[in-house]
Amino acid sequence: MLKKMFLALAALATAARAQPVPDPDKQAAALVKQMTPAERNLLLHSYFSRQNNVRSAPLPGAPWAAGFTPAIPRLGIPMLAQTDASLGVAWISGRRAKDATALPSSLALAATWDVKIAYAGSAAIALDARASGLNTLLAGGVDLTREPRNGRNFEYLGEDPLLAGVLAGETIRAIQDQHVLSTVKHYALNAQETLQNVLPVTIDEAAARESDLLAFEIAIERGNPGSVMCAYNHFNGPFACGSDFLLNKVLKQDWNYPGFVMSDWGATHATSDAINGLDVESGQEFDPQVYFAAPLAALDGKDAAYTARISDMNQRILRAMIAVHLLEDPPKIGVPDIARGEAAARAEAAAGTVLLKNNAILPLLKTAKRIAVIGGYANIGVMSGGGSSQVAPQSGPALAVPTQGDGGEWMAQVLMPGAPVKAIQARLAKDARVSFDNGAYLSTAMAKARDAEVAIVFATQWTSEGMDVPDLGLPNHQDELIAAVAAANPRTIVVLETGGPVLMPWLDKVPAVLEAWYPGIKGAEAIADILFGDVNPSGRLPITFPASLDQTPRPHLDGWLEDPAKAKVSYDIEGSDVGYRWYDRKGLTPLFPFGFGLSYASFRYDDLQIRSEGNTIHASFTVTNTGTRAGRDTPQVYVTARGGRRGQRLIGWGNVDLAPGATTRVTVDADPRLLADWSIPRHRWAVPAGRYDVTVNSSAATPLLNGSTGLEARLLAP
Ligand code: GLC
């Protein structure tokens, strides 16, 4: 009920704002015409603003933000006050929002497979940003999970271009409907943190188009982000932020993108990046010189190409600001609607929690009298991810453990307030006893477990921007702790709070496992909702959990402890077969497959009908709740052969809420690009002729219905 009411409110509140602006390009052109030479340079480079470690004195009026370009009051152009990021208004480097909802990690959002939940959470954090006077959220992280050890997987939406692109597009639309400009990032192939600033990434163009670039293309189509943030790494030679191919040819020509490209902070390398398609040098203090200030201004009016480019740069920036209503609807400092944000965060965390194993021990009874809770800081709060996306409520983190030598906030391990121990206790009778042990000593943890009806071990894996994890093991000997507790009490439940996939050597020793990801400010409540059945788990993995790193395309993490000059990453090993596509191609069985998740209900699929029409396929089928509880199912539709050639690709899914015994029909219409190969010589998507095998699955590895149809060869319109 809470979720339904909230979603309805969210829809009402945002419908009013989402009115398109008449002809933003024309309005922008009129402003560009009026700009003086000095004004023509102002918007082309942004300050890191008033951070603790800023290297230049803050400009008058500079906000506490990640990026800032000054206003041009004479023309009615507001300042751009840019903060991070996809999970809420950042609380980092001295920045303190008036208050901010800390959403669950983007992987938790991806595990919901639900565009409505995506919209609700992002609309809420955009309103938080406005209440802090900020008009840009540097959100929309959508790099595909090619590297399970990537420290920023928690900020991205998994391994599939359709799922990631659709959800990213929805978050961007939600943010901009509140008249806050969003980005989509990091364009492109920024799939690891190790040596990311210099990493020479190579990949075949067609493979990139059919995977990571397709995720960006879908996100941009659906969300119309005002800006695209280019990535730190090289892309087939040039840096991404100086790549004529990525920025001019693909983004601005092929995709006809009207907005502006901002660099990542410290990702600008030359004034000539402007000619290759970069529009704004962000975080200028991070660069050895401000390439887009004096050097660029000196070319304006002198060099025809640069003069035209500078007009276009300003045009794109202003067009984006106008299209998102920043000129006529500036943010007003106010009181954030934290209740709205927390309702969205709790709904997202519960819906994104994935039940990985349940041997009839969950849901727990609320009549339980003795529960032992062990480890994972469960007496304090829940884990969150480090780096620029770090959020905390006005009251600050429940705990911040510095990890860097300066003991500062940057990359501190931050626990979000809300203790699972308290949330569990609140679901039980007054006389029930919930004991806690921090897991530091196996002996005491085992004793507590032995003395309880059921033991719940919380295990955390902190990950962060700026680093990758060396392996997929749980850190701090937690695997040992889990095995010891399970030996002391066979009724042991494991709750994972991780930034990505982890190995589980103890899996056959425990009857139940929940993946709660970084569950955000209401994570403790959401975990209790699932543990006690107040919410029926419906999360489905948006990334594959490998059985070992040997199953992955790159068991050795490229660049790890290597000479930066020698590091490189070739994604041609898997090409566009990222994640489950790779496991399908290699015939590998992962620990848990993409799309996997259990429920307290059960569902059956029937009556698959497949129809081909023109250049695409339509599939419909029925879903029945065969269980005894209401619940949500997320049936997935894959093509497993295209034109007779094997290869698995997700083409759609359903979000189905059903009462016990109820049945409904789901229809999926495939985006033709998912049926196609990118043809480099013809510079078009080409749908191959022949047979198309289609399956309806409960996960990438479990086809439950199958059928086939045929298509003629087609070239998709450019
Ligand atoms: C960081 C991140 C980017 C963030 C920006 C501003 O380096 O890569 O995601 O938005 O700088 O904080």
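Two strands pair if DSSP finds at least two bridges between them; strands are DSSP runs of E with at least two residues and helices runs of H or I with at least four, numbered from the N terminus. The close-ups below come from a predicted model, where local features need pLDDT of at least 70, side-chain atom pairs count only at pLDDT 80 or more, and totals for chains, interfaces and linings use all residues. Residues are numbered from 1 along each chain as its sequence is written, and side-chain values use heavy atoms, with hydrogens and water left out.

**View 1**
Look along the strand and you'll find T616, H618, S620, T622 and T624 pointing one way. I617, A619, F621, V623 and N625 point the other way, and these residues are buried too. On one pairing, strand β19 (residues 603–613) runs antiparallel to β20 over nine bridges, with R604 as the bridge partner of T624. These two strands make a hairpin with two residues between them, and G614 in the turn has a positive phi of about 65°. Strand β25 (residues 663–669) also runs antiparallel to β20, joined by seven bridges.

Which residues surround the ligand? The shell is A66, D84, L138, R152, K185, H186, M229, Y232, D264, W265, S388 and E465, counting a residue as near if one of its heavy atoms lies within 4 Å. By type, the shell splits into five nonpolar, two polar and five charged residues (nonpolar: Ala, Val, Leu, Ile, Met, Phe, Trp, Tyr, Cys and Pro; charged: Asp, Glu, Lys and Arg; polar: the others, Gly among them). A polar side-chain atom of K185 sits 2.9 Å from a ligand oxygen. For H186, an N or O atom of the side chain is 2.7 Å from an oxygen atom of the ligand. D264 has a polar side-chain atom 2.6 Å from a ligand oxygen. On its own the ligand has 310 Å² of accessible area, and the protein covers 94% of that (Shrake-Rupley method, 1.4 Å probe; for residues, only the protein chains shown count as cover).

The structure holds 14 aromatic pairs (Phe, Tyr or Trp rings, six-membered for Trp, with centres within 6.5 Å; planes under 30 degrees apart are stacked, over 60 edge-to-face, the rest tilted). F235 and F245 form a stacked pair, 6.0 Å centre to centre with 5° between the planes. F235 lies in strand β7 (residues 234–235) and F245 in helix α9 (residues 244–254), so this pair ties together parts that are 10 residues apart in sequence. F235 is buried, at 2% relative accessible area, whereas F245 is partly exposed, at 23%. The ring centres of F592 and F596 are 5.3 Å apart and the planes meet at 35°, so that pair is tilted. Both of these residues, F592 and F596, are buried. Elsewhere, W113, Y580, F594, Y638 and W653 make up one aromatic cluster.

**View 1. The sheet that holds β7.**
Here is an open sheet of three strands in the order β7-β5-β18, with parallel pairing. β7 and β18 (569–570) stand at the edges with a single partner strand each, so one side of each has no neighbour in the sheet. Strand β5 (residues 200–202) and β7 run parallel, joined by two bridges. P200 has H234 in β7 as its bridge partner.

**View 5**

**View 2. Strand β14 and its parallel partner.**
Four of the five residues of strand β14 (residues 433–437) are buried, so the strand is largely enclosed by the rest of the structure. Strand β10 (residues 370–374) runs parallel to β14, with five bridges joining them. One landmark is I371, which stands opposite V434 in β14.

Note on methods: Buried means under 20% relative accessible area, exposed over 50%, partly exposed in between (1.4 Å probe, protein chains only). A polar contact is a pair of N or O atoms within 3.5 Å; within protein, one must be able to donate a hydrogen and the other to accept it, and residues adjacent in sequence count only if both atoms are side-chain atoms.
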